[in-house]
Amino acid sequence: MTDRALFEQVGEIIRGSTPPGLGTPHVQVRHNGVKAWFGDPAPQREHYEAQIIPADIAPGTRTQAIEIGFHAEHRDEPDNEAALARLLTTETAWRAELGDDPVTGVFLGRGTWRRISETWPDPDLGEPDVPFDIGVRLVDYIRALEPHRRHRV
C-alpha cells in the first residue's frame, strides 16, 4: 500500500467517525499525511493532522514516525501561541480523554507553529490495522479538542 492510499483510508475513517454534532470535517489527503478541519472549506491554519515525519525531528525514532494531533500553523507566532494557550485552559478535560501521550508546545520542525500531538516511532506502515489505528486516534483528538477549540474564552 502506498502512503497516499494509507492516508486515503485514514480520511475515510475521519469522515465516518467524527461526531455529527461537530459538523462535516473537511479532509485533505497528501502523499505523506492527512489534514482535517471544520468550517470554511479552505484549508485552515488550525487543524488536525496525521503525517509521516522524518527521524531527525521525532525524538526516539530511528527511521520515521507518525505524528498525530492538533496543529496551529498561523503565519504569526503569537497567533499560534494564543491558539495553544486557549486549549491549555481546558487541558484537564481533554487530557482525561487523550491521556498522557499528547505533547504540547513547539511544532516538530518549525519553531513558530504550535502543537498538541504525539508521535509513533518507527511504525510498520504495511500492517493492515495501521490506517484504522491512525484514523481512530486522530478522531480521538477531534472529539477531545474541537469542542474546546470552538469555545473561545
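The following legends describe close-up views of a predicted model.

Local features need pLDDT of at least 70 and side-chain atom pairs count only at pLDDT 80 or more, while totals for chains, interfaces and linings use all residues. Residues are numbered from 1 along each chain as its sequence is written, and side-chain values use heavy atoms, with hydrogens and water left out.

View 1. Strand E4 covers residues 64-72. Helices (H or I, at least four residues) and strands (E, at least two) are DSSP runs, numbered from the N terminus. Eight of the nine residues of E4 are buried, so this strand is largely enclosed by the rest of the structure. Buried means under 20% relative accessible area, exposed means over 50%, and partly exposed lies in between (1.4 Å probe, protein chains only).

**View 2. The strands that pair with E4.** Two strands count as paired if DSSP finds at least two bridges between them. Strand E3 (residues 46-54) is antiparallel to E4, with nine bridges between them. In this pairing, Ile 52 is opposite Ile 66 of E4. Strand E6 (residues 110-121) also runs antiparallel to E4, and eight bridges join the two. Here Ala 72 is opposite Arg 114 of E6. In a regular strand the side chains alternate between the two faces of the sheet.

**View 3. Glu 46 and Arg 149.** These two residues form a salt bridge, and their closest N and O atoms are 3.2 Å apart. Glu 46 is in strand E3 and Arg 149 in helix H4 (residues 130-150), so the pair ties together parts 103 residues apart in sequence. A salt bridge is a side-chain nitrogen of Lys or Arg within 4 Å of a carboxyl oxygen of Asp or Glu. By this rule the model has 13 salt bridges. Glu 46 is buried at 10% relative accessible area, and Arg 149 is buried at 14%.

**View 4. Asp 122 and Arg 62.** A salt bridge joins the side chains of Asp 122 and Arg 62 (3.8 Å, N to O). Asp 122 is in the loop between E6 and H4, and Arg 62 is in the loop between E3 and E4, 60 residues apart. Asp 122 is partly exposed, at 23% relative accessible area, whereas Arg 62 is exposed, at 68%.

**View 5. Arg 114 and Glu 81.** The closest N and O atoms of this salt bridge are 2.5 Å apart. It links Arg 114 in strand E6 with Glu 81 in helix H2 (residues 77-88), 33 residues apart. Arg 114 is buried, at 7% relative accessibility, and Glu 81 is partly exposed, at 37%.
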